[in-house]
There are 2 protein chains.
Amino acid sequence: MDNSPNTLFVGSLAKGLKILRAFDMNETEMSLSELVRKTGLDKSSVQRLANTLYLEGFLYKDGVTRRFKPSLAWLEMANAYYWSDPLVALAMPKLIDLSRDIGETVNLARLSDGHIIYVFRLPNTRSRFAATIAGSKLPALGTASGRAILSTWDPASRANALRDWPTYAATPATILDRDQIAREVEDAVRNGYSITHGQALVNEISIAAPIRDASGRATAAVQCSVSGLQWDHDRITANIVPALTNTANSILIPSRAGYPNADMNDQ
Amino acid sequence: MDNSPNTLFVGSLAKGLKILRAFDMNETEMSLSELVRKTGLDKSSVQRLANTLYLEGFLYKDGVTRRFKPSLAWLEMANAYYWSDPLVALAMPKLIDLSRDIGETVNLARLSDGHIIYVFRLPNTRSRFAATIAGSKLPALGTASGRAILSTWDPASRANALRDWPTYAATPATILDRDQIAREVEDAVRNGYSITHGQALVNEISIAAPIRDASGRATAAVQCSVSGLQWDHDRITANIVPALTNTANSILIPSRAGYPNADMNDQ
DNA sequence: CATGATGTATCAAATAATAATACGTTGTAG
DNA sequence: CTACAACGTATTATTATTTGATACATCATG
């Protein structure tokens, strides 16, 4: 496949990871042959690799159906991530306060390769399941968080992102026109926050404010999601935006002592 | 090491996983040589494996310090887990309601190999960071959730667990005496819930109710954590316990069509 | 009962991972 | 200012490990 024929590259490990990545929202548990189909790997390889993952506790295996699925070890990995990302510890208490304040769902979003990943979420109302769990991934250009982040970038980087980042539809209302998205980002530059209607879920309004680093540039955002059936633009501007932007602005990312602010996560 | 000399076992993959597991609460980012020390693997192996994990996007690498740390891919794995565990979708909306009701932190806890893993958490008050992030792992016998779960087991299995499961201290107040823990479990059998004081965090009171499957046996629990400085036993019994047990009882795990209720996760 | 799909087990062949070694850089101590 | 130690990186011959073809077992279907 895409194996670098590099001597510093362990193909078997990469194949194993490919099996881990085969599980997602749509494929929550898979048989051996389904894994073969989805990964494109050899049957024998999948057999050995999946078995290894099973023996190592990274996959559960149903004794009856023989199907594999993710194990709780996957959550322990998330836990290790949470400890490793300084922004999480920094933002968590403030987002908890914000969540209590406005009584609506708030999220911490991070940028990763043109996509937004929700790092943690504090749901306050029943909502679509997808909107309540961490680790969800969306094209950044289609999210309030992505646009809020972009609004802090210099014009050149912004233009590149607006040209290169992916866009695909999540709901019928998803905006795919890059010029229109560019205008939304311009709005965010002026306002200090971004707002979207039904981009990820129908009738969901998202409001996001960027979390700037010492240089003023953002790679993360605080996002609030509310129901379009219960909130209109005026009430959002009055009751949510101030608290949201305050929260985002109060999160001060320390530039690493000795080094310029190099962030491992962004871009 | 502990390699099964099995032909269905891929050693390189297992070593790669060992590197992933090296990251935890205490070691959030590691250099090459730190990884060598922590994993016990050969320097060259770690070099190749870590490099592979980096190329595959499972580790970030700081360009300046050359240190590795978990990537956002670890959260995407958590996301796949959430989709794969039917209990999560079942419990999430009810826990959100519960969280609003009582205004305190509620968790979904799962049993895994004598330990409790917090599957998701809905924090409502600032608290110790460790208590706000998913994927945390604690010895089941030391947690309200673990005891609530055990209280639903038949006496024989319960006795085995009380004998075999690990116990180690998380706070100075942690109870390590297995006879005393057995009495706490007996209390839970009578009451339908379990309550602990300062077992995981100082001054934290935890209350947990078991989530029973069709046979009446539990491998998961709803847990609520409150501050011992603000809550006493009476108020907890009056204001939290009813809502908590109601919530837990309202979560009905469907036995899989055609199969007896075989759960891949437990024991 | 035959057929096809799937999970499991085995084994010879050779590819792909190994670990020793050497090199370049950085930071510290003498 | 030099020497040394610690670390990350690169290279290579050797060999062990992974490979994938094959065969067998089990189960569901018509």
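In helix H5 of chain B, residues B:Lys94, B:Leu95, B:Leu98, B:Asp101 and B:Ile102 meet B:Ala243, B:Leu244, B:Thr247 and B:Ser250 of helix H10. Contact here means C-beta atoms, placed from the backbone, within 7 Å. Helices are DSSP runs (H or I, at least four residues) and strands likewise (E, at least two), numbered from the N terminus. This contact divides into 5 nonpolar, 2 polar and 2 charged residues. Nonpolar covers Ala, Val, Leu, Ile, Met, Phe, Trp, Tyr, Cys and Pro; charged covers Asp, Glu, Lys and Arg; the others, Gly among them, are polar.

This is a predicted model: local features need pLDDT of at least 70, side-chain atom pairs count only at pLDDT 80 or more, and totals for chains, interfaces and linings use all residues. Residues are numbered from 1 along each chain as its sequence is written, while chains are lettered from A and ligands numbered from 1 in the order in which they are written.

How do H5 and H10 of chain B pack? H5 (residues 86-102) and H10 (residues 241-250) pack at an angle of about 170°, with axes 10 Å apart. Axes are lines fitted to C-alpha atoms over the stretch in contact, and angles run from 0 to 180 degrees between N-to-C directions. The pair is therefore roughly antiparallel, the word for angles over 145 degrees.

Now the two chains. In chain B, 66 residues are in contact with 66 residues of chain A. Helix H4 of chain B gives the most to that side of chain B, 11 residues. By class, the side of chain B touching chain A has 38 nonpolar, 17 polar and 11 charged residues.

Terms used
Angles under 35 degrees count as roughly parallel, over 145 as roughly antiparallel, 65 to 115 as roughly perpendicular and the rest as oblique. Two residues are in contact if their C-beta atoms, placed from the backbone, lie within 7 Å.
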